[in-house]
Amino acid sequence: MSIKRSLATSTISGFALSATLILTFLNVLLQNLPTSVSRAGDALLQLNSQEGVANVVTTVVVYFRGFDTLGEIAVLFIASLGLGLMLGSNSKCDIKAESNFMLKTASTILFPIIMLYGMYVMIYGHLSPGGGFQGGVIIASAVLLLLISHKEFEVPHSLIVLLETLAGVSYVLIGLIGLFTLDIFLGNFLPHDISQMGMLLSGGIIPIIYIIVGIKVGSEMSMITQNLIKRGENV
Amino acid sequence: MIGFIVLATFIGIIIVSFAAIIQPKLSDSIILFMGVGLGSVVLFFVFGAPDVALTEAVIGAGISSLIFLMALKHLKAQK
Amino acid sequence: MFEYFNEPQTIKTIVTIGSMTLFFIGLFGLLTQKHFIKIFMSIAIMESSIFLFFIGNIFNKDFTAPIISEGFSTVTKMNDPIPQAMILTAIVIGMAVLALGVSFTIEYYRLTGNTDIDKMNEMRY
């Protein structure tokens with residue numbers, strides 16, 4: 001390394017070390033917060049009983065902050081669009097190698113099991129930890145397993161386009177139906193009794209919206225992984 | 001007991017992340033980055049947030065590291 | 001000896017110092033590394049440190065996870081569900097931005113053939 005680069009490196013490391021020490025000292029000194037701070041989540045924990053959903057984090061993500069989830073899906077869609085624009089192509093893939101007999105057999109056996117587990121996590125998102133994002137990415141990892149072990153496998157493009165379009169449109173349609181019947185965008189217009197807490201059909205539209213989110217996220221992540229694996233020579 | 005687990009996991013995460021940044025080979029660096037995600041999952045579970053732990057396990061140690069590995073394959077194939 | 005580690009003040013101190021150290025390790029990697037992939041990895045480490053800081057500073061030993069089930073049906077001793085929902089969104093968005101950045105790296109390598117930010121000087125002069 002030249003003299004200038006070693007000087008710059010040592011200066012930056014010294015800066016980082018001193019910043020760490022200063023912040024440590026400040027944080028240890030300022031630790032005397034009052035013990036009983038009122039939290040914002042207490043009100044939402046009480047309001048959750050009216051929805052009849054067992055997982056409070058699901059209610060917050062889908063119902064109380066449902067508009068933020070719509071924006072997050074938009075961000076994922078833009079990322080998938082950018083990736084398809086930069087790396088997508090229609091030519092044949094020539095970067096994959098022919099794989100072993102053991103790898104092909106094992107991945108063919110494991111693919112439906114992982115897919116089933118992903119669907120379980122997605123559908124039971126309102127009763128136990130899980131939900132749409134987790135289940136969708138698990139489904140995408142099952143598709144990735146098939147992509148790296150079989151040389152001639154490709155994700156069908158028209159099916160992914162159909163699933164993604166239907167999921168995105170129905171999310172906004174459900175919100176608009178809530179707007180027309182209850183005067184609240186993404187309002188809960190299906191019956192949601194508190195006596196049904198813990199059952200599969202509880203909570204009104206909350207499991208339906210999470211399943212829609214899971215389908216959209218799963219198909220987008222499958223397309224992202226296929227674009228990253230297969231990249232033709234001439235774009 | 002919980003405080004000891006938190007302290008040991010934090011020391012592990014710091015050592016592994018520093019080793020991941022100063023490695024000369026890229027494939028070792030990516031595998032050590034997966035270790036940061038694993039320690040993160042353990043900490044989220046001990047802090048009482050199972051939803052966040054599941055999300056970080058699937059995304060941080062699953063898809064994010066796989067994106068790096070696939071980029072590495074493309075960067076080396078066109079030597 | 002283990003009893004000293006279980007006080008809330010000690011755990012908050014450990015969490016704050018640890019996550020700030022992780023943040024500055026990521027910042028050090030961002031400033032001094034030259035390969036594109038290592039720079040993106042440093043950004044991901046910095047994001048992970050902030051998530052740990054967020055969830056660790058509201059941790060209370062007597063409270064349980066915010067899920068209503070058979071044994072835990074009262075909502076008075078549960079963790080805060082709002083930061084968990086925000087961190088869930090932030091993790092997914094961080095992954096999306098990382099995927100887009102890595103795709104730029106691959107395409108730039110195909111066009112010019114270098115992965116070094118010191119040699120990236122097409123826009124000079």
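Two residues are in contact here if their C-beta atoms, placed from the backbone, lie within 7 Å. The model is predicted. Two of its contacts are followed below, both involving chain B.

Start with chains B and C. Here 42 residues of chain C are in contact with 38 residues of chain B. On the chain C side, the elements giving two or more residues are helix 1 (8–32), helix 2 (36–56) and helix 3 (81–112). Helix 3 of chain C gives the most, with 13 residues. By class, this side of chain C has 25 nonpolar, 14 polar and three charged residues.

Now look at how helix 3 of chain C sits against chain B. It packs with helix 3 (residues 50–77) of chain B at an angle of about 0°, and the axes are 10 Å apart. Angles under 35 degrees count as roughly parallel, so helix 3 of chain B and helix 3 of chain C are roughly parallel to each other.

The residues can be traced along both helices. From helix 3 of chain B come, among them, D51(B), V52(B), I59(B), I63(B), I67(B), F68(B) and L75(B). Helix 3 of chain C meets them with residues including Q84(C), I87(C), I91(C), M95(C), L98(C), V102(C) and Y109(C). This helix pair has 17 nonpolar, five polar and two charged residues in contact.

Turn to chains A and B. This contact takes 15 residues from chain A and 13 residues from chain B. On the chain A side, helix 6 (132–149) and helix 8 (206–229) are the elements that give two or more residues. Helix 6 of chain A provides the largest share, six residues. The chain A side divides into ten nonpolar, four polar and one charged.

Notes
Residues are numbered from 1 along each chain as its sequence is written. Chains are lettered from A and ligands numbered from 1 in the order in which they are written. This is a predicted model: local features need pLDDT of at least 70, side-chain atom pairs count only at pLDDT 80 or more; totals for chains, interfaces and linings use all residues. Helices (H or I, at least four residues) and strands (E, at least two) are DSSP runs, numbered from the N terminus. Ala, Val, Leu, Ile, Met, Phe, Trp, Tyr, Cys and Pro count as nonpolar, Asp, Glu, Lys and Arg as charged, and the others, Gly among them, as polar. Axes are lines fitted to C-alpha atoms, for helices over the stretch in contact, and angles run from 0 to 180 degrees between N-to-C directions. Angles under 35 degrees count as roughly parallel, over 145 as roughly antiparallel, 65 to 115 as roughly perpendicular and the rest as oblique.
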